[in-house]
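Below are some questions and answers for a reader new to this structure. Each answer sets a value against its definition.

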Amino acid sequence: MSNSAMESHRHPRVILERWFNQTKTLLMTPQIVISGILMVVLTYLIVVPLLQMTWRTLTWGEGDRRFSRQAVTGEMTGFHWEQAVSGPTSEAFLYEPLINTMITGTLAAVFALSLGAGLAWLVTRTDMPGKGWLRPTLILPYIVPSFALALAWETLFKSPQTGGQPGLFQYLFDVAPPTWLSFGAVPIVITMSIHYFPFAFLMISGALSTVDSQLEECAELMGASRWTVLRKITFPIVGPAILGAAVLTFGKTIGTFALPYLLGRPVEYQTLATMLFSSVSLGFTALGYILSLVLIVITVIVIWISARLLGGNLRRFETIGGKGFKANLTRLGVWKWPLFGMVCFIAFIAAIFPIGLLGYQTLMMVDGNYGFDNLTLHYWLGRSNPDIARGEPGVLHNTVILGDTWNTLRLAFLASILSSLVGLIIGYIVVRGRAGLVSRTLDQISFLPFLIPGIAFAAMYLGMFAVQRGPIPALYGTFALIVLICVVNRLPYSTRTGAAAVTQIGQELEEAAELQGASWVRRFWRVILPLSTGGVVAGMLVSFIGIMRELSLIILLITPSTRVLMTVGFRYAEEDQTQLTNALVMLVTVLTLLGQALVWQLGKGRLRRLKDRQID
Amino acid sequence: MGATIEIRNLTKRYGDVLALDDLSLTVHPGEFLVLLGPSGCGKTTLLRSLSGLETPDEGEIVIDDRVLFSSERGIRVAPGLRQIGMVFQSYALWPHMKVKDNIGFGLRVQKFPQSEIEARVEKILNELSMDGLGERYPSELSGGQQQRIALARLIATKPPVFLMDEPLSNLDARLRLDMRAELKRFHYDSDATTVFVTHDQTEAMTMASQIVIMNEGRIQQTAAPLDIYRHPANLFVAEFIGMPRINLLNAELDADAGSPVARISDFIVPLAWKPPVTELVVAARPEDVTLLTAPDEKALEFRVRALLPSGPELIIQLTRGDQTVVVRETRQMDLAMDQTVWIQFDSTALNLYDRRDGTMLRPEAGLPGRTTGPETTEGLAQQPQV
């Protein structure tokens, strides 16, 4: 460029015109405007609550006068941390729950992982019969609320010694089960393992089905033994998936709330999640927030360590899936039928028996009497009778419960649709933004909720939306807040789903529309959305099911006007209304199963066809 | 009528890589201009910058006096407002829309009445002899039909500029030949200014009215196809164009002789004019080398290394020491491997290059053809393999 051109480049009038035109172009580009808006909104909904929660643990809050007379609302103090870490109650409030959490979380994760991995291998890589129905059955314990398994355990092992009516065990054997079997660490670990092993099973069988059996056969032809092949070939290939499943399972077990709450509370066995709930409910807000931060920090450390072990980024083990090769199945030989029997036994113990037991329990007029003469449909269909269940009518006749069912469906529907849509838009910006600063930041912010256990998330929002702040009204007590927290909580998943869907859509398809003069909104509506329906709808249904059985995320935020089935069931459980609790959980389970069946049907049918049409 | 495209001082960087390096080019109305070059030469970046899908770092793009892009003034007209049609390598037909909706999309965006959209789609389908395909989905069509739908979508909104990004590369070899003829006819009928990107030189030679050869983000030569073939502006173009490759031989200008001659080792080639430098590269197309089966004092002795007959012609690879020369013969010849033969150069068809910078040397009078090359070509003076 010549000298005079350089001069004109710097002329103030030219600079002004350039600035004006560039600003105009930017503001006329919807992607950029939307990225900006999303950045602000997500920062406000995720980053600010985190910071605010942290800040609250370092300052005096309203009502803290009862702890110390020096408390001046809003001033900084180390009081809360000091109390939590070294105060006289620190043992009961922090260390014991921390140790309990680590013990139950680790053990449950290890059991769930071993069981899941073994079953995954048997079901995907061997010639075991009955895979068609075993696979969905084995997934059942994860589809039902974790809550349901705790209730089933209680129904089986409770005894008048520890409170309540005799369970099935005592009814059958006429001996009270030992307390350690009814409540505390043992039942928590066992039920959590049963609830989470299908999760590990799904992830690992996904990875196993991508291992090309030719790789293994090749090694076998070269003279390697079965065991060597498994150790040197199979494991290194699926290793990352197993590690990923371990991390995710552990993250889930330590954050689980309802299950340890039900099985630990009667014997004062507290985990971080239940302690968090108790302290927030009792108004020890700062302590609750400190426990939240401890949970978040544990999750972050675990994910960080496994990321270092894998030597890659976090993404690598989030979802493992993809097309299976034509895998040659290992012949089990004489072990075929014994192993099949064992897997059937596991499926029965983990899936069929607990659900059946819960269902049967709802039919018992008087809790504790398992005879056929005690059967009734009262808790399902009965009219209000002051002598039974404090006059609560049967679940299907209870207008309040029907209202709650409507609330549940409305919440799951709204939140899953909104979350998928927002996830698709963020996914779009992440994929098309070509790793620019904005898209990378959005990607990371939307991943953050993944690190925050549901109960901690709720505690955060409780502080954030309890009062009006600037233009944002006090959302506490509104349905909108429940929807909002579910949407934000699902973002890590829906953003990944959205990004995966957008990745499959050739950029040229969109550019062709752009050149034809279609605005961004039109392109999104006419090209991106229709072509991503397959993945997005599937993701939406998964969210739908997840939200329907969500409890820990919303239990702190629910008010009488915004009740959903799970929280009502939780309240009944607290009141020991066992049949009604179980009936509600059955209701949720049935609704969830219907949703899941829909996912499978869609996965097989229409969506597959839609996907096939996406050539290129 | 087509539009005039003015590209001025366009620069585009991807990190440290210069995809476009201060590139200027004018495309005249109705021209069929082909951007040709090896992969990564910047041709697709240039096309995408024209369409607005890519934003250059510096420079200006003007179509018919309308400034579409100017880094200095901060102007960047959105792709949809540029009145440019584009055919993509993958065709980019929307798989969820019927053929007629694909074609009518642009018209719908421009809010044409439904009846007119239908009429126009019908007419275009008829012109491209694809009646009755309107209700199909793109995945139900053959590759050639998909290609034609992409063209139909292109002309539906009648843009004055067509951009085509390797539109034939997804077709099989035979269909590609047919589509070349069809595209040429299509361009003739529409009369739009067309910029076509390809890395296939045969495609470029057969279709272009002007070829722009690019390398490393810079234009190497802009000329009509035959000019490029006959008079490559530098050694890069000479080597890039032509199958089999041009023969390049290092030579010294012999200043002592009466008439100008170039000395290639112990062999002398008479020159039609006297070049200004002594260190030369002599370039001869395989068809400009004459093969003799009997010795001649003005011919150089070679040995047959390989014979490659292809039907209408015979390609002969010859060696002498570490020198290789390729000859194209259309005469019927009876040759054997390792046979000794003699070659002569057609001195009027030879091109001479300056060995230091690789540029072509021309007699004062100049040669025919609108030929422009970069002012300097330092860095690309590849040493010919002699």
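Q: What makes the meeting of the side chains of B:Arg73 and A:Glu17 a salt bridge?
A: A salt bridge requires a side-chain nitrogen of Lys or Arg within 4 Å of a carboxyl oxygen of Asp or Glu. The N to O distance between B:Arg73 and A:Glu17 is 3.1 Å, so the pair meets the rule. Across the interface of chain B and chain A, the rule finds two salt bridges.

Q: What kind of model is this, and how are its residues and chains labelled?
A: The model is predicted, with local features needing pLDDT of at least 70 and side-chain atom pairs counting only at pLDDT 80 or more, while totals for chains, interfaces and linings use all residues. Residues are numbered from 1 along each chain as its sequence is written, chains are lettered from A and ligands numbered from 1 in the order in which they are written, and side-chain values use heavy atoms, with hydrogens and water left out.

Q: How many residues does each chain bring to the contact, and how much area is buried?
A: Contact means heavy atoms within 4.5 Å, and 33 residues from chain B and 29 residues from chain A take part. Buried area is the accessible area (1.4 Å probe) that two parts lose on being put together, summed over both. For chain B and chain A this is about 3000 Å², 57% of it on carbon and sulfur atoms. B:Glu72, B:Pro95 and B:His96 supply 20% of the area that chain B buries against chain A, more than any other three residues.

Q: Why is H3(A) called roughly perpendicular to H20(A)?
A: Helix H3 (residues 30-56) and helix H20 (residues 454-465) of chain A pack at an angle of about 85°, with their axes 9 Å apart. Angles of 65 to 115 degrees count as roughly perpendicular, so H3(A) is roughly perpendicular to H20(A). Axes are lines fitted to C-alpha atoms, for helices over the stretch in contact, and angles run from 0 to 180 degrees between N-to-C directions. Helices are DSSP runs (H or I, at least four residues), numbered from the N terminus. Among the residues that make the contact are A:Tyr44 and A:Leu45 of H3(A) and A:Met460 and A:Phe465 of H20(A).

Q: What is set apart about A:Glu268, and where is its place?
A: A:Glu268 has a positive phi of about 60° although it is not a glycine. Most residues other than glycine have a negative phi. The place of A:Glu268 is in the loop between helix H13 (258-264) and helix H14 (272-281) of chain A.

Notes: Helix = DSSP H or I, 4+ residues; strand = E, 2+ residues; numbered from the N terminus. Parallel < 35°, antiparallel > 145°, perpendicular 65-115°, else oblique.
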